[in-house]
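Thanks for making time this morning. I would like to walk you through the aromatic contacts of one model, with the criteria stated as we go.

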Amino acid sequence: MDRSQLADFLRSRREALQPEDVGLPRGPRRRTGGLRREEIAQLSGMSTDYWSRLEQQRGPQPSDQMLAAIARGLRLNADERAHLFRLAGHPAPETAHAASHVAPGMQRIVDRLGDTPAMVLTDLGETLVQTPLARALLGDHTQRTGLARSNVYRWYMEPATRDVYPRDDQPEHGRVFTAELRSAYSNPATRERATRIVDALLASSAEFAEVWARHDVRLKHPRRKRFAHPEVGELELDCQTLTDADSGQVLLVFTATPGTPSVEKLELLAVIGAQSFA
């Protein structure tokens, strides 16, 4: 671990980021450019003290998970992320793991959607980042590990996760999740990762085996989705998607039609979510 170079790298990238780059207000009292330590620490999901110790060359060696969080907080590209890992004394992430790093362009869009449910997923349905309102609507998926990071794995192994959708809509969502897994399974770039999920589900879920045997491939989620939230009730939201051609990552953005009850429910959900996170 090169403490001096790591500290310099973290400081330089923090100072290069502007509040507008990460969706934060500049405010009238900001005297210097760049982000404050407390701001980047919050974006990276760590304490200000931990970040300060890294910049002061006296912190512990960060784990792989902590480095991944720092890379997301600093909005690093793939090359910068690999450099960060090497400075911290870790091997650069393998290609499969690097694909789980949020594409910088995607992250910049998400930073500007603070008042909207939005999330970025990999081609295997693994949630990489969510806006606060997306977490309030769907729960926090970013903390899941192992195979449970994939939405299709959770669908069959943790049936309670289906309750975010009305019961009548659940069969269609299950078929679409399975079809998406089938596409990843047939793609050489994702075949190895998809195979682990398929093998685990075939060994544990008769329901999955039945749906998997249908060989559905081109099914799509409905553009307008219904959600069942325990506190605000049913919401009907339009889902827009944006795909990053290089990484295969997908940005989902959920919006309510103006003038509908779902608009008010989203506003209420934002308040409930803010209180919960506080």
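Let me begin with a criterion: a charge sits over a ring if NZ of Lys or CZ of Arg is within 6 Å of the ring centre and within 35 degrees of the ring normal. The charged end of arginine 191 sits over the ring of tyrosine 185, 4.0 Å from its centre, and arginine 182 lies over the face of tryptophan 212, at 3.6 Å from the ring centre.

On provenance, this is a predicted model, in which local features need pLDDT of at least 70 and side-chain atom pairs count only at pLDDT 80 or more, while totals for chains, interfaces and linings use all residues. Residues are numbered from 1 along each chain as its sequence is written, and side-chain values use heavy atoms, with hydrogens and water left out.

Now to ring pairs, where rings of Phe, Tyr and Trp (its six-membered ring) pair if their centres lie within 6.5 Å, and planes under 30 degrees apart count as stacked, over 60 as edge-to-face and the rest as tilted. By this rule the count is seven aromatic pairs. One of them joins tyrosine 156 and phenylalanine 208, edge-to-face, at 5.3 Å centre to centre with 75° between the planes. Both tyrosine 156 and phenylalanine 208 are buried, buried meaning under 20% relative accessible area, exposed over 50% and partly exposed in between (1.4 Å probe, protein chains only).

Phenylalanine 227 and phenylalanine 254 also form an edge-to-face pair, 5.4 Å centre to centre with 85° between the planes. Phenylalanine 227 is buried at 2% relative accessible area, and phenylalanine 254 is buried at 3%. Finally, Trp155, Tyr165, Phe177, Phe227 and Phe254 form one aromatic cluster.
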